Amino acid sequence: MKLEFILNGEAISLPDVPEDMVLVDLLRVRLGLTGTKRGCEDGVCGVCSVLVDDKLTKACRTPVANIAGRTVTTIEGLGAPDGGLSDLQQAFLDAGAVQCGYCTPAMVIAAEALLRINPHPTRAEIRHAINPNLCRCTGYQQIIEAIELAAQRRMGESANSELRITHHASRLTDSESQNQESKIENRKYVGSFTIRNVDGPDKLTGRAKYVGDMRVPGMLYAKVLRSRLPHARILRLDTAPALAVPGVKAVITHADFVDHGNFGWPVKDQYALAYRKVRYVGEAIAAVAAETEAAAQAGVDAIVCELEALPVVSDMTRALDADAPLIPDRPATMTNGDLGAGNLCDRHIVRNGDPAPLLAACAVRVDETYTFPHQEHAYLETEGVLAIPEPDGGVTLYANNQSPFINRDNTAALLGLPAHRVRVIQPPVGGAFGGKDDILYQTSAQAAKLALLAGRPVRLVLTRSESMTASYKREAVQAHLRLGADANGNLQAAKVALLVDSGAYASMTPLSSWRATMHAAGAYRYQAVHVDTTAVYTNNGYAGAFRGFGNVQASAAAEMAVDELAGTLGRDPLELRLQNCLCQGDRTMTGDPLDHEVGLSACLEWVRDQSDWRHKRASYAQQAPDALRRRGIGVACYFHGTGLGGEGEDFAVSTLNVAPDYSVVLTSGLTDYGQGSRTVFTVLAAEILGVDIERVHMLRPDTHTAINSGPTVASRASLVGGNAVRVAAEKLLQQLHFAAADALNCAPEQLVRAGEAFVGPDEEPLPFEAVVDHARAMGLPLAAEGRWQIRPIHWDFRAGTGEPYFCYVFGALVAEVEVNMQTGRTGVTGIWAAHDAGKILYPLGALGQFYGGIVQGLGYALTEHFRFENAIPQTLGLNTYRLPRANDVPEIVATYIQTTLREGPFGAKNLAEPVMIGVAPAIANAIFHATGKRIRSLPITPEKVIGNR
């Protein structure tokens, strides 16, 4: 069909457009406007949003015939006339409303649609307008503030919104404490709310290219054959028919990899493509590369694959039964370093004193079991890799992974190549939350092998249903807690048993279940604690890393149990926590002494006061028993070990060099997938070097230009990676000081700075460029490498004793809910949260991480449950897996309690991961306060509220 319409102000005439094409494909594939994204197959995520005649429209659900003669506006059409940001895009940047950026163009489009019809909307109207669009990163609050700011700027009334943003950020900048090792007077960037996301402009305009946006000439498309059975033996696998399909250029199976594609860490039990049998629905069996996606899918469909169904293990409580079907071929554990037994994945223990006699003597005890479901990461950008074969027989991978160096090493080993012939470059990543490691290693190996066989670039991007079927989840956990206190409410002892569902493969479960073990009794003082954790294999997909890494489930159980203990004692649950919470000088539940600042009591006091806790607890206790809607307020607190801890060596490396154009080029071995580390690293480099932040240019993560720094997990970036940047910057600054002192004929300690210039005793400023030129003339190196490592610590896995982490972060959260006692529906009406993360380096980004983590916790509490029935996944789309939307999220009042970690860069600790931990138990405790019904399993659905009468 011939199609004519107006696109971003220009007339478009296309002579031959298929009538069944949808608008998103026309824009992305035919016209190359990749700012309009794909995120689902159901029309529910909204990342494909455009304007059609000024109306918000989902391009994935719009046939091209529907736009004939109409006006279409995409994100590429919203910029300023000079090519810069529009006023709305600038407001998003100023409000800190940009994280991974994948949903950002569509959110800007939704905001523009609203402001064109309602120039001065209320916050409620803004929430309603963006409700069709999902965001998994930001928690929506800064997006709402950005739209409010843009509206008021357009109306010439910007003061209120400017003050609101300043007020939020000022909560994070009121501490003057600094790390003495890195003390710099008159800080310009560190802790300033004027700092903006360095990648924000590209993400706001649609210029940022994610894997699915990348195309190169001659590129092939890959598709994967996946198992439809949860457990089966592969009887026959014939790929010859696929090669006969027109357009198919390569087909691979396990036989195309070294050692059948076996990989994995800390347990090597996974395969790039299934070997001998499949262990979960969605497991990859074979992969095809072809000229088109349709041809690749036809090739997959042509493969002859005969499976013999095997008995299934779906109930983790039966996984270790003597008659349970065996899932692993070669059982092994991380802890024992030898053969495991049956479906045992791993075991962990804590042995701190003897809780048995103490519990027996306690005046009050709680003995309960709590259960937590699998949770889907639901990043809006699905997994993807573009593999390009190189002339030397190597391969370059553009992969949206979290840990490029691990990906490089895995891929090289599976392909039988030396590591230097595999290059991994990380483009912008549309969310990860711990979920883009193992699944990306498989996907990368598949795409790389296909590319090498075909001799052409291959792009492999998973569909939404593929991603939800094949990717790993947060582990389901059953937690049995026995807690005891004396008559005065002093906690005495705890015994905890955790059962963890790892699914078909180990992935990161041995490590996340270890972290759960280290936190299983909560952030309190005890005389004795024992924890026994058992992780088992089932056929329920597979599980691994997810934000909070085991502590989310462990702390939820502990916080619900402590609430029950407070009820038994007749005590206010927040005051009981204040009485027992960890303080500096205390020992944690593992016996680990706290010799650094601890802000937990300050966090609890802040949320108590800000939420009007005492008044509301008393007021809601007077509600009529038969009231249709009942309100409640609940609290939770948490602690979280910093970095990798006893999991292994924890270091990072960064480099800095002054380029010929006088820019400062920065690299780090750690990556940014929305958490803002690229901005943090840039801020640190500029602050320490005393240069304008615009002068610092950070390269994309690349295994050929950066240096391995381990995995980007455990919120390591600001502390470990930030310190590496600090060390590199201090080394480079020393060279600049030598040059400036030589040029100004003075001692280095006599130098002062005036902006970027160096000033000596004669008060004559020497510009940065002149200092650089003089350094080069002196032959001084203007490149530096900084390495920083957390001091060695040791955990004895067999004895269950030692030092699991070198320091901890802390936080507390109060949630207020309203429950409809007839329908069981729960609305969260308020959240107050405080987190002790040391010095805040990038305030707007820190708030965004806080809000985003809180909303992920809200979903975990009320709506998110990745369900399996007999090991068959039931929630394979975003239409059935319900993520929180803007209308589900209340106003969040959050702050950071600023302590100082002497080892941190400018006193900073970590924050992105643990801020999620307290949300679900606080909501559960609030629901109990509202209803009197204690629900001990998540998510707390209306059916559970009604059925638990």
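Three strands come together as an open sheet in the order β27-β28-β29, and the pairing is antiparallel. Strands here are DSSP runs of E at least two residues long, helices are runs of H or I of at least four residues, and both are numbered from the N terminus. Two strands count as paired if DSSP finds at least two bridges between them. In general, strands of a sheet pair through backbone hydrogen bonds, either parallel or antiparallel.

The edges of this sheet are β27 (752-754) and β29 (765-766), each pairing on one side only. Strand β28 (residues 757-759) pairs with β29 in the antiparallel sense over two bridges, and Val-759 stands opposite Pro-765 in β29.

The model is predicted, with local features needing pLDDT of at least 70 and side-chain atom pairs pLDDT 80 or more, while totals for chains, interfaces and linings use all residues. Residues are numbered from 1 along each chain as its sequence is written, and side-chain values use heavy atoms, leaving out hydrogens and water.

Zooming out, the chain has 24 helices and 37 strands. Its C-alpha trace spans about 85 × 80 × 60 Å along the principal axes. A compact globule of 949 residues would have a radius of gyration near 30 Å, and the chain agrees, with 28 Å; that radius is taken over C-alpha atoms, and the globule rule is 2.2 Å times the number of residues to the power 0.38.

Buried residues (under 20% relative accessible area, 1.4 Å probe, protein chains only) make up 65% of the 949 residues. Among contacts (heavy atoms within 4.5 Å) between residues at least 6 apart in sequence, 77% join residues at least 24 apart.

Note on methods
Buried < 20%, exposed > 50% of the residue type's maximum accessible area, 1.4 Å probe, protein only.
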